[in-house]
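I opened this model to see what could be read from it. My notes follow in the order I looked things up.

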Amino acid sequence: MLIFQQSFQCAQIPTVWKTAIVTPVFKKGLSCDVNNYRPISLICVCCKVMESIIKQIMLNYLLNGNLIYKHQHGFLSRFSTCSQLLECTEDWTIAIHNCHMVDVAYTDFSKAFDSVCHSKLIRKLEIFRIGGKLLSWIKTIWSIELKQSVGNKLSSFCSVCSGVPQGSVLGPLLFLVYINDLVDVFGDFLTVKLFADDVKIYVVVENDTKMAVLQEGLNKLQIWSERWQLNLSSHKCCLAQRKQK
């Protein structure tokens, strides 16, 4: 505990905490394609314990202040893919029962966790009034040096210039902060549901004027993604229309 207190007060972490072994975890598709692997960082356990303490404090602050939108279902207690699906199913069922069509767009970002811009994330944390020693300590986890591990072979260390480490405790919460304001893009004319970086937007088509609303929302999503440097993964995006049979 004394080490944790000293680390927080000085906004520094021990050298051994600054190194991590990155293990590529296969997702799906062709195993020979490097894009089908997720880089998971194996971080020092002591560092993860301290991250857990800080994460809980930050999460309580964000939730008690209603700063994280209720549209987000990822990495939050009592939320999951099931809770998101239940909310969507209820909206769509009501719309279809009222003889309205529902236009839905499923979108996903490419390597979202690894693409987070540190300077822009800091700005968003400051907007949430997260600063001082807490913000200084958060910056220290970005000074971590990574070493790639493939089988029994290790690469040399390299510094991290962007992203939040996958495998860290604090990383997912920082990503939620980074993507949180995406909800503001769509206003009240579209419904949006998020699970981490997976974004689902839909509109109930009650008249002809509503048919172009979804495309307008997608245009705004593209502008947001370019501004915040999170590229959309086009092959993971699709459109669907749900209507009464």
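**Entry 1: a loop asparagine.** I started with the contacts of Asn-180. Leaving aside neighbours within four places in sequence, Asn-180 is in contact with Leu-67, Ile-68, Tyr-69 and Phe-128. I note here that the model is predicted. Next I checked where Asn-180 sits. I found it in the loop between helix 7 and helix 8 (182-186). Is Asn-180 buried or exposed? Asn-180 has a relative accessible area of 6%. The cut-off for buried is under 20%, so Asn-180 counts as buried. A polar atom of the Asn-180 side chain lies 2.9 Å from the backbone oxygen of Leu-67.

**Entry 2: the cores.** I moved on to the nonpolar residues. In soluble globular proteins, nonpolar side chains tend to be buried together. The largest nonpolar core here has 56 residues. Those touching the most other members are Met-58, Phe-109, Leu-121, Leu-125, Leu-170, Leu-174 and Leu-182. Helix 7 (residues 171-179) supplies the largest share of this core, seven residues. There is also a second, separate core of six residues, with Cys-88, Trp-92, Ala-95 and Val-104 among them.

Not counting residues up to four places away in sequence, Leu-174 touches Met-58, Leu-121, Leu-125, Ile-138, Ile-141 and Val-164.

**Entry 3: the largest pocket.** I asked for its volume and got about 730 Å³. Its lining has 27 residues, and the closest to the pocket centre are Lys-27, Arg-38, Asp-108, Lys-111 and Lys-236. The lining divides into 10 nonpolar, seven polar and 10 charged residues. Strand 2 (37-43) and helix 4 (112-115) each supply at least two lining residues. Strand 2 gives the most, with four.

**Entry 4: positive phi.** I looked up two residues other than glycine with positive phi. Ala-11 has phi near 55°. Ala-11 is in the loop between helix 1 and strand 1 (19-26). With a relative accessible area of 22%, Ala-11 is partly exposed. Phe-75 has phi near 60°. I placed Phe-75 in the loop between helix 2 and helix 3 (81-97). Its relative accessibility is 41%, so Phe-75 counts as partly exposed.

How values were computed:
Residues are numbered from 1 along each chain as its sequence is written. This is a predicted model: local features need pLDDT of at least 70, side-chain atom pairs count only at pLDDT 80 or more; totals for chains, interfaces and linings use all residues. Side-chain values use heavy atoms; hydrogens and water are left out. On a 1 Å grid over the protein atoms alone, a cavity is a set of points where a 1.4 Å probe fits but cannot get out, and a pocket is an open set with protein on both sides within 12 Å along at least five of seven lines; lining residues have an atom within 4 Å of a point. Grid points are joined across faces, edges and corners, and a volume is the space filled by probe spheres set on the points. Ala, Val, Leu, Ile, Met, Phe, Trp, Tyr, Cys and Pro count as nonpolar, Asp, Glu, Lys and Arg as charged, and the others, Gly among them, as polar. A nonpolar core is a set of buried Ala, Val, Leu, Ile, Met, Phe, Trp, Tyr and Cys residues joined through side-chain atoms within 4.5 Å. Buried means under 20% relative accessible area, exposed over 50%, partly exposed in between (1.4 Å probe, protein chains only). Contact means heavy atoms within 4.5 Å. A polar contact is a pair of N or O atoms within 3.5 Å; within protein, one must be able to donate a hydrogen and the other to accept it, and residues adjacent in sequence count only if both atoms are side-chain atoms.
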